[in-house]
Amino acid sequence: MSTFVELVVNGVSMGSVYALIALGFVIIFKATEVVNFAHASLLLAGGYVTAVLHDDLGFLLALGAGIAAAAGAGALVEVLVLRRARVENHAVLAIVTIGVDIVLTTELTRRIGTEVLSLGDPWRDRIVTVAGVSVAETRIAALVTATVLITAFLLAFRHTSWGVAMRAAAEDGETAALMGVRLTRVSLGAWALAGALAAVAALFLTVFPTPGLDRGTSFAAMKAFPAAILGGSTPPPARSPAA
Amino acid sequence: MNGANSVDGANGLTVTGLTVRFAGLTALDGVSFTVAPGTVHALIGPNGAGKSTCFNVLSGVYRAAAGSVRFGGGELTGLAPHRIAALGVARTFQNIALSGRQTVEDNLMLGRHRLTRAGFASAGLRLPRARREDARHRARVREIARFVGVDEHLGAPAGTLPYGAQKRVELARALAMEPSLLLLDEPVAGMDGGERRRMAEVVLAARADLDMTVLLVEHDMGMVMRLADRVTVLDFGRRIADGPPGEVQRDPAVVRAYLGGAAARGTAESDAHDAHDAHDSAEGGKGGEPG
Amino acid sequence: MSDPSPPPDGAPGRAPDRAPGRARTGTPGRAAALAQPLAGLRRPAVLAGAAGFLVLLALPFYLGAFWLQTGLFAMSAAIGAIGLNLLTGATGQLSMGHAFFLAVGAYGYVYLASDSGPHLAGLGLPTPLAFLGAIVLAGAAGGLFSPIAGRLRGTYLGIASLALIFIGQHVLFNAGSLTGGFNGRDVPPLRLPGLAFDDSPGLVLFDVPLGALERLWFLGLALLVPAAWTARGVLRGRPGRALNTIRDREVAAAVMGVPVARYRAGVFVLSSMYAGAAGALLALVFRRTVPEYFGMFLSLDYLAMIVIGGLGTAAGAVAGAVFVSALPQLLTRYGDDLPLVAAPGSGGVSPAEASRILYGAAVVAVVLFLPGGLLGLWSRLRAAATPRRGPRRPVPRLDEEEQPA
């Protein structure tokens, strides 16, 4: 029985991390109709920055820097590339993000090389045992963080003006623009948010029991794509991609 | 409308109790009308009356929640768009739907799709059959282009043409299907007086030469009065009038629908404008335009 | 763009352009194509094509193994990229699964051609038959996926086809008796009656001994030329018009009588068969199939090729394939002389990495600054180099978003 509970907790925890990745992916898709194949490289960027800085800055500051870096990278991609690509065909925009992904991933995996980097998280490999059920602290942290973030997003999506603007853009961009929604701002926000979520996901993809951040991490991130497919065909509130 | 029997079997169209709903909104509510073979029938009404929805059901783009559409003795309701096309139903789009990067000639050749057979293998291997077919249909497409007056643009990518020419290419593409029922969705929207007149002539000539039935959605009342043999008026998804153009124009329900909406001023203006237009075309029509 | 000229009637003022001498030097571009008779238009293109083909035929007599291998990679990639361009460029259907079908072609050939052994299964078919079988297998695999490919539009198909990569990698690594697992399998050389595509001695032409690479070079040409020719026929014929319209105006295509789902499924199968042929040729060149080669990156490479070369045409696919396959080889070969590029393992940017970064950036740059890709650039250069002498006609202004399709 306890083994079963452990499996469930670990599975749900892992699923919630993938949900963070998928959520970012879906946010971009809903706001701009662009399939962001560079998502895995944003994740890798966030994780890499955290891993490099945690010795000097401490874990939390480094994580903040990683999140900021990934969000910034996402925003940069939006401003420098997608906003300028005047193509109607969304398949072509998806291929552009592939170009971005190739550049970023190649450079990052080159820097990482054959090393396995730790992100300096405070939980290490500690394990909590409650009523005979043993679960790694990292798994609990992942579950709690992901739940908080996803809930916060859904609330913001429903109740803030940014959320309303994004829903309007997802429904019908042209009409939304006529109603005064600034599509560029929605799209920029979506890319930055997706990058930030990816950086958080990078942390929990690489903590215990995973040895750390290595060149295969971006491939692991790609596994979240099927989750995004299942959740991505409807707007986030209707069906959470965590499913 | 119960005229089904009288038009079945020929190129007549019978719409019975057509209802379309989108997420709780009823776009069409039990609409019925009959289009006699070989006539030009106009579907009019204020913006949002359900005209384009009706077209989208007729061409298979939308599914109806209830009701039936019969054409030439067959049921169209529930058929996929390409099957409806195969029965000889062609349409144009209010917002031009040409393939902008392909040449005008290729856009028109797409109209021949239902009349041609070449598949991946025979086109890829350029079998004699495919080449003969291509040459034969290209000749016909050029004829149609001349007829509609777009032959000078045949080699240009459709997206690079001026608006009026693209509207004409839309019509030419529909004619290239050799349809027995032609659905025209606001064929002269955004055109100037001369272009409108010319479009009206082309439609009338095509109907006469090609033995088609025409269903027309149009805001320009002058155009409707000039072309249509019969008019059906929709408002908020319901049929509010049906009859010959002169009668319908005087119908109190119609006047109310138009005056009640924002379209009121536009209608009055276009009427004045079209009276003038009609006069022009009476003179110009006989002179014959090029093409 | 070689649409035949319109009929002569009603076209006054175009007569001067039909003067035979001028027609030959005329731009085979869009405007000129209209007013010039077919023969006059096609002749220079045909001559240039024939000359280019002769050069390609002569190359194995002069090039070393390194360049022959690079050329063979490029030819294989070109065949695969033509297939992907039919699907993604001409129809607007994004596919991430192209590598999967390359794998089916490569492993399909190996399985069909190899004899069954103690650890590895095989059918031991005559190798030419195995080669054809590999293409058919890839087409059949595409057919299995085609109900999905027919229903999903554009980028949605791109996401769904990612599943093929994951499935493919799983099978390649785990179905040991079929695929050889992690270590892959040896590829039996192709043997036509009287000619084996291996290093067997005895084949000497013009005093040059022809080894496996030289022989495969001719095989590659014999596959690439008909592949490109067929794709061009498809694209310029009835199916191509239907596919392009599905890409540009899906609803209009359906209303004009095009069964959209059937065409999407059909072009998916066709593109799988091109991938299968490319994979089988690649296997013959590699002489060994390895599973990790057929991963996601390969699919990305192919998408990069068609964007860089030019979407929607066979020539664009070939141009992009040559660019993407030759770039790493060029950097490997001449990397020592280039700044920033270091030897592999020395900590700097290795040639392989440099080439990936370069062509990733090239994808972005092409979409931003060079709509139409290398092919579009080429036709623009040619148009600029030829003095304007187009027929006087109301040629409309050029649309900014226009991309040669």
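Predicted model: local features only at pLDDT ≥ 70, side-chain atom pairs only at ≥ 80, totals over all residues.
User: Where is A:E33 found, and what is its phi?

Analyst: A:E33 is found in the loop between helix 1 (2-32) and helix 2 (39-57) of chain A; helices (H or I, at least four residues) and strands (E, at least two) are DSSP runs, numbered from the N terminus. Most residues other than glycine have a negative phi. A:E33 is a residue other than glycine, yet its phi is positive, near 60 degrees.

User: Nice. Which peptide bond is cis, and what is its omega?

Analyst: Most peptide bonds are trans. The proline to look at here is A:P209, found in the loop between helix 8 (183-206) and helix 9 (217-222) of chain A. The cis bond joins A:F208 and A:P209, with omega at about 5 degrees.

User: What is the radius of gyration of chain A?

Analyst: Chain A has 10 helices and two strands, and its C-alpha atoms fill a box of roughly 60 × 40 × 30 Å along the principal axes. The radius of gyration is taken over C-alpha atoms, and the globule rule is 2.2 Å times the number of residues to the power 0.38. For 243 residues a compact globule would come out near 18 Å, which agrees with the value for chain A, 18 Å.

User: Which helix of chain C gives the largest share of the side that touches chain A?

Analyst: The contact takes 26 residues from chain C and 26 residues from chain A, where two residues are in contact if their C-beta atoms, placed from the backbone, lie within 7 Å. On the chain C side, the elements that give two or more residues are helix 7 (154-174), helix 13 (296-309) and helix 15 (351-369) of chain C. By class, that side has 17 nonpolar, six polar and three charged residues, with Ala, Val, Leu, Ile, Met, Phe, Trp, Tyr, Cys and Pro counted as nonpolar, Asp, Glu, Lys and Arg as charged, and the others, Gly among them, as polar. The largest share, nine residues, comes from helix 15 of chain C.

User: How many residues of helix 10 of chain C are buried?

Analyst: Among the elements covering its buried residues are helix 4 (104-111) and helix 5 (120-124) of chain B, together with helix 9 (212-236), helix 11 (250-255) and helix 12 of chain C. Helix 10 of chain C is mostly covered, and the count of buried residues is 11 of its 11.

User: At what angle do helix 10 and helix 12 of chain C pack?

Analyst: In this contact C:A242, C:L243 and C:I246 in helix 10 of chain C meet C:V260, C:Y263, C:R264 and C:V267 in helix 12 of chain C. The residues of this contact divide into six nonpolar, no polar and one charged. Angles run from 0 to 180 degrees between N-to-C directions, and axes are lines fitted to C-alpha atoms, for helices over the stretch in contact. The axes of helix 10 (residues 238-248) and helix 12 (residues 260-286) of chain C are 10 Å apart, and the packing angle is about 110 degrees.

User: And how are helix 6 and helix 7 of chain B set to each other?

Analyst: The axes of helix 6 (residues 128-148) and helix 7 (residues 163-176) of chain B come within 9 Å and cross at roughly 140 degrees. Angles under 35 degrees count as roughly parallel, over 145 as roughly antiparallel, 65 to 115 as roughly perpendicular and the rest as oblique. Helix 6 of chain B and helix 7 of chain B are therefore oblique.

Conventions. Residues numbered from 1 in each chain as written. Chains lettered and ligands numbered in written order. Buried ≥ 20, exposed ≤ 12 C-beta atoms within 10 Å, placed from the backbone.
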